[in-house]
Amino acid sequence: MTMAKRQATPKMDTPTARAKNCKPRHEPYWEVIEEGCALGYRRGKRGGVWYAKYYLPEAKPPRKQKDIGFADDSGAPAHIKTLTYGEAKEAALAWRKAEAEALAAPASGAPKEPYTVRKCMADYMSSYEKAGGRASKDTLRVINAHILPAFGDHLVEKLTRSLIQEWFEDLADTPARLRTAKSAEQRFRELPDDFEAKRRRRSTANRILTVLKAALNKALEMERVSCPNTAWRMVKPFRKADSARLRFLSVDDQKTLVNVCPPYFKKLVQAALFTGARYGELSRLMHVRDFHERTGQVFVTSETKSEESRYIALSDEGIAFFKDIVEGRKKSERMFLTEGGEEWKRGHQVRPMNQAVKDAGIEDGLSFHELRHTYASTLIMAGVPLAVVAEQLGHKGTRMVDKHYGHLAKKYVTDTIRQLSPLLRLSE
């Protein structure tokens, strides 16, 4: 009886070789790279995927297989991290080594409790308190709305690149959530089919992915998990998704907007344009005592997005505005109050802002937060250095300011050169 001839492993060390030798099929093509460890490749609709499998007699089960990342085939999506043949071999061998070391490690006595993504997120949020900070409400909202429903009961060490990648791409295709009653079915905003809408959704997906990665990396740092081939690090954010088209008002448009606002809302809008402060900083955190006439500054407490207190320097016009606002009032009062003399709450600025924008004839709408963009843009176009604007806004460095407003600074330089350069008459 003759034995069946073993099928030769196709050459797959380059994208060209894989395209030629590895036809699409369900079962990966396998190549033994070390005794008890093999590297696999399978071509699919979105390109090729690398797999790894090993045989360890003492393990239960002794044979194990997993996908380890996308292959660097031609036509692979630009936003997906790919692995070359050499990188895939290293990842496969590292995975097998870690599994073997885990088996060889002495038992600690009590069985290890399964570490789920839900526990990972709880550890991540509690790390804020251990570090002396506060857990961000926005981060907690992202975790509860997007991460736990998808991965809450998954074991961290069982997460795969393909599982996270599919979830991430679904986020970018899902419209923004609308406020919905707890017992009702979740409602979503209508998703316009245009570039800006897609960019915003991709930007949101990037921010959510950042939270997931940060929590999983924290678990790795705390030694709650042990997996060198960290699947989450293979998922790359969408490129150019955060290059938003910033909108801001000209000086004339600022005057028009202020003039159509009702008196109680007008003060809040003026304060935003004089300080660049966020709505929450003006409404919840600013009191009469926070205006310092002697230094010409207003103080913003540490309960801000950046969690750092700051002083905002005012122009002469801004000083006069705040001096009029605080005259004859108790220092403990809120700086800005509603028409009924109550505190401004979350979202209370939306309706009066929309109405003022409509009355001012501003096309395409304008949010209250864009008054902050207007403040920064106005300063930069007036020639204020980026570092000064960053400090006024409460940023730790100039990166964000340069990213969003740097082109305006360049425009100021260009206009200044054209205005002040001497006439040389060389062409005559």
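These notebook entries record what I looked up in this structure, which is a predicted model.

**Entry 1: the sheet**

I began with the strands. I found an open sheet of five strands, in the order β1-β2-β3-β4-β5 and with mixed pairing. Its edge strands are β1 (29-34) and β5 (82-83), each of which pairs on one side only. I recalled that strands of a sheet pair through backbone hydrogen bonds, either parallel or antiparallel.

I then asked in which sense β3 and β4 pair. Strand β3 (residues 47-55) and strand β4 (residues 63-71) are antiparallel, and seven bridges join them. Within this pair, I noted that Tyr51 has Asp67 in β4 opposite it.

**Entry 2: helices on the sheet**

Which strands does helix α2 lie across? I traced helix α2 (residues 85-104) across β1, β2 (37-44), β3, β4 and β5, and its direction is at about 30° to β3. Helix α5 (residues 161-173) also packs on the sheet, where it touches β3 and β4. The direction of α5 makes about 45° with that of β4.

**Entry 3: the nonpolar cores**

I next turned to the interior. In soluble globular proteins, nonpolar side chains tend to be buried together. Here the largest nonpolar core has 44 residues. The members that touch the most others are Leu257, Val269, Leu282, Phe322, Phe336, Phe368 and Leu371. Helix α8 (residues 263-275) gives this core its largest share, seven residues. I also recorded a second, separate core of 31 residues, which includes Met121, Val211, Val235 and Phe238.

Beyond its neighbours within four places in sequence, Phe336 is in contact with Lys267, Leu268, Ala271, Leu282, Met286, Phe321, Phe322 and Trp344.

**Entry 4: helix α8**

I checked the length of α8 against expectation. From first C-alpha to last, its 13 residues reach 19 Å, close to the 18 Å expected at 1.5 Å a residue. Which residues of α8 are buried? I listed Phe265, Leu268, Val269, Ala271, Ala272, Leu273, Phe274 and Thr275. After α8 comes Gly276, whose phi is positive, near 75°.

**Entry 5: cysteines**

Is Cys37 buried or exposed? Cys37 counts as buried because its relative accessibility is 2%, and the cut-off for buried is under 20%. A disulfide is a covalent bond between the sulfur atoms of two cysteines. I asked how many disulfides the structure holds, and the count is zero.

Note on methods. Residues are numbered from 1 along each chain as its sequence is written. This is a predicted model: local features need pLDDT of at least 70, side-chain atom pairs count only at pLDDT 80 or more; totals for chains, interfaces and linings use all residues. Side-chain values use heavy atoms; hydrogens and water are left out. A disulfide is a pair of cysteine sulfur atoms within 2.5 Å. Buried means under 20% relative accessible area, exposed over 50%, partly exposed in between (1.4 Å probe, protein chains only). A nonpolar core is a set of buried Ala, Val, Leu, Ile, Met, Phe, Trp, Tyr and Cys residues joined through side-chain atoms within 4.5 Å. Helices (H or I, at least four residues) and strands (E, at least two) are DSSP runs, numbered from the N terminus. Contact means heavy atoms within 4.5 Å. Two strands pair if DSSP finds at least two bridges between them. Axes are lines fitted to C-alpha atoms, for helices over the stretch in contact, and angles run from 0 to 180 degrees between N-to-C directions. The expected span of a helix is 1.5 Å times one less than its number of residues.
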